[in-house]
There are 2 protein chains.
Amino acid sequence: MKNCFYLMMILSLLSMTSHAQQALWGGPNLVSPEIHDNNTVTFRLQAPQASEVKLSGDWMPSEGWTPGSVAMEKTEDGIWRHTTDVLSSELYSYSFWVDGLRMPDPNNVHRIRDVATVTDVFLIGNGKADLYRVNDVPHGTVARRWYDSPGNEMNRRMTIYTPPGYENSKEKYPVLYLLHGMGGDEEAWIALGRTAQIMDNLIAQGKAKPMLVVMTNGNVAQQAAPGESAKGFYKPTMQLPHTMDGQMEATFPDVIQFIENNYRVKTDRKNRAIAGLSMGGFHSLHISRYYPETFNYVGLFSPAILPDENVKSQVYENFDETLKTQKENGLDLYWIGIGKTDFLYKFVEDYRKKLDEMDFPYQYHETEGGHTWTNWRDYLVEFVPQLF
Amino acid sequence: MKNCFYLMMILSLLSMTSHAQQALWGGPNLVSPEIHDNNTVTFRLQAPQASEVKLSGDWMPSEGWTPGSVAMEKTEDGIWRHTTDVLSSELYSYSFWVDGLRMPDPNNVHRIRDVATVTDVFLIGNGKADLYRVNDVPHGTVARRWYDSPGNEMNRRMTIYTPPGYENSKEKYPVLYLLHGMGGDEEAWIALGRTAQIMDNLIAQGKAKPMLVVMTNGNVAQQAAPGESAKGFYKPTMQLPHTMDGQMEATFPDVIQFIENNYRVKTDRKNRAIAGLSMGGFHSLHISRYYPETFNYVGLFSPAILPDENVKSQVYENFDETLKTQKENGLDLYWIGIGKTDFLYKFVEDYRKKLDEMDFPYQYHETEGGHTWTNWRDYLVEFVPQLF
């Protein structure tokens, strides 16, 4: 082991001091976050020159429009500390605020981008978030693959989850198409949504059928996520054209055709599901209605149902008629989930009235909370076991 | 478009103020880094309360063991600025130092982890780094897939690049096994190494043959990268057992067998290459020597050749004899690359003497610089066109 030890010594030394060699700038050596056995969490930041350090986390109640935060306490060693109360099982996001400047925890390398914001994450287990963990169960394969979209005259990128055993089976599988929200992309559900972990775990527990999950990029003006197309490393924004003007929905058959031509999947309506969050819920609603013989399962997670007659697209015409056709075709599940404090609550309420008036059967799942990934992971876990 | 505009307004407002809704905290609205047409770059950070802000980037000469840095200038608006000289084409890493605290650029969401350090990146094109860009060329597929390693009694994770057209072809492809350095994992070559982009671009230019690139995890004590196994979100370290004690090399046939049983690949020596950086160069050296009929192409990128007779493993026994066998078997390329200021230079020099003494033919590529990803990307670009 001496040679190994020798190299480790050299590299450890280098990593603390120089970036002329590998492993830039070195890591600080504090433990943060430290998750205690009782599910309290201690955060630490070495910032001897700072005057004020706050911790802001998505488990803290927000005060009106201001995100919740708590002052950290400085000790003589220049380290700021805070220990939380007991936290329930969840995947949490947090940041430090050092003299008014938001920064990540330098001792935590696990960060996830949500649109243009990168936050640190940690997970409290022994509860529902165990489904978001990588557990010792068979794992599916996650592929980033490019496909041709003639409708958008573009090659585009998608993320595809194939279940454990897919590659060595002759079986055909059903498919869930899973759509992101505004500002998101084909990385959103796999990163923030923990889709691969949720699917692996639900399948291992016998709660979900093995299926493909196809996570597309719903911004049809772009080929791929920021950094993953010829546009290079740019900062993502919410403001993208053609996201809610019918173009995405009209060209969605390009995706289905690609999957059905390239994967060993079942190609009938009974074996196709579509679901999405926020804008992706809007897309799922319209795609499933506009192509009313395509999907047997529909999931609207905090859907951005914002009817507007000024948008000119064939997709949004004949809303009531196509919804009626969808109802008459029959489908096994039309699932709607929304949080009580979601800013879209009222729009969903109005849509439910419409459905009620036409006796369109649906399953309604109202939860605490708002327009959050916490809810969307929960909704996925509720929705997926009911498929196929 | 009104409904789209409406949702954007709501979400933009939320994103600046609240994380009771979609977890955003809001992004600052500066442009940083701003890459000018003349390849100078302006960095900006809004930090009105800070007393001193420095910029540290891997294009700056380091002073001894101290990474290079430059003071940023504060203007009345509380924004700190720095504009670089003209930079040559490269993928660069950088960080800010605010009152002694390293932090990322809040306006840049493109960050890459190198072992336990996360840095911001940006790319200067119109030169060699155009190979690291996503260009408008056919793209291969990148899959994260689990395989069984009986030799390690473990399911393990790997990253597999299949070239454009693989899925719709009946052709069999050659395979490059590409190994990371100490502290790295199956994410290193795809993230820092830009392997998918380099391969897509070299193949599109007709400079490389279509091939699979298999990026394994060379730390056989672990199943997968930090955050990707049942160990959860932990901070990576250099200190891992069984990295240079023969175990990794001895069990490497598990990888080859998995690939050859599961992919449409050519299975003869002429169609197998192995290369690695630092510890991965050490691994490539030993695997190709210990299994001397397996690889026709070997690449040692800044290899950590640290002979030590105290390590007891069958893999490291009979070094000279197996090297002789490898030579006698003949191989089309034995490629060694190292930077003039690499701390491993002397070890590589000694190894070259050994090879010279036994008339072992090899191609030697000496470059400027040290033990850096800049060099390893260059080496990959030099090496790959010579394969198959």
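A residue is called buried at under 20% relative accessible area, exposed at over 50% and partly exposed in between, using a 1.4 Å probe and protein chains only. By that criterion, 8 of the 9 residues of strand β12 (residues 154-162) of chain A are buried. This is a predicted model, in which local features need pLDDT of at least 70 and side-chain atom pairs count only at pLDDT 80 or more, while totals for chains, interfaces and linings use all residues. Residues are numbered from 1 along each chain as its sequence is written, chains are lettered from A and ligands numbered from 1 in the order in which they are written, and side-chain values use heavy atoms, with hydrogens and water left out.

**Strands around β12 of chain A**

- Strands are DSSP runs (E, at least two residues), numbered from the N terminus, and two of them pair if DSSP finds at least two bridges between them.
- Strand β11 (residues 141-149) of chain A pairs with β12(A) in the antiparallel sense over 9 bridges.
- Within this pairing, A:Y161 of β12(A) is the bridge partner of A:V142.
- The hairpin of β11(A) and β12(A) has 4 residues between the strands, and A:E153 takes a positive phi near 50 degrees there.
- β12(A) also pairs in the antiparallel sense with strand β14 (residues 212-215) of chain A, over 3 bridges; here A:V213 is the bridge partner of A:Y161.

**An open sheet in chain A**

- An open sheet of 4 strands has the order β1-β2-β6-β5 (chain A), with antiparallel pairing.
- β1 (34-35) and β5 (73-74) of chain A are at the edges with a single partner strand each, so one side of each has no neighbour in the sheet.
- Strands β2 (residues 41-46) and β6 (residues 79-83) of chain A run antiparallel and are joined by 5 bridges, and A:H82 in β6(A) is the bridge partner of A:F43.

**Nonpolar cores**

- A nonpolar core is a set of buried Ala, Val, Leu, Ile, Met, Phe, Trp, Tyr and Cys residues joined through side-chain atoms within 4.5 Å.
- The largest nonpolar core has 51 residues, of which B:Y177, B:F252, B:I259, B:Y334 and B:Y351 touch the most other members.
- Apart from that core lies another, of 50 residues, including A:M182, A:V265, A:Y316 and A:L355.

**B:R102**

- B:R102 lies in strand β8 (residues 101-103) of chain B.
- Although buried, B:R102 has no salt bridge, and the nearest side chain of opposite charge, B:D120, is 6.7 Å away.
- A salt bridge requires a side-chain nitrogen of Lys or Arg within 4 Å of a carboxyl oxygen of Asp or Glu; Lys and Arg count as positive and Asp and Glu as negative, with His and the chain ends not counted.
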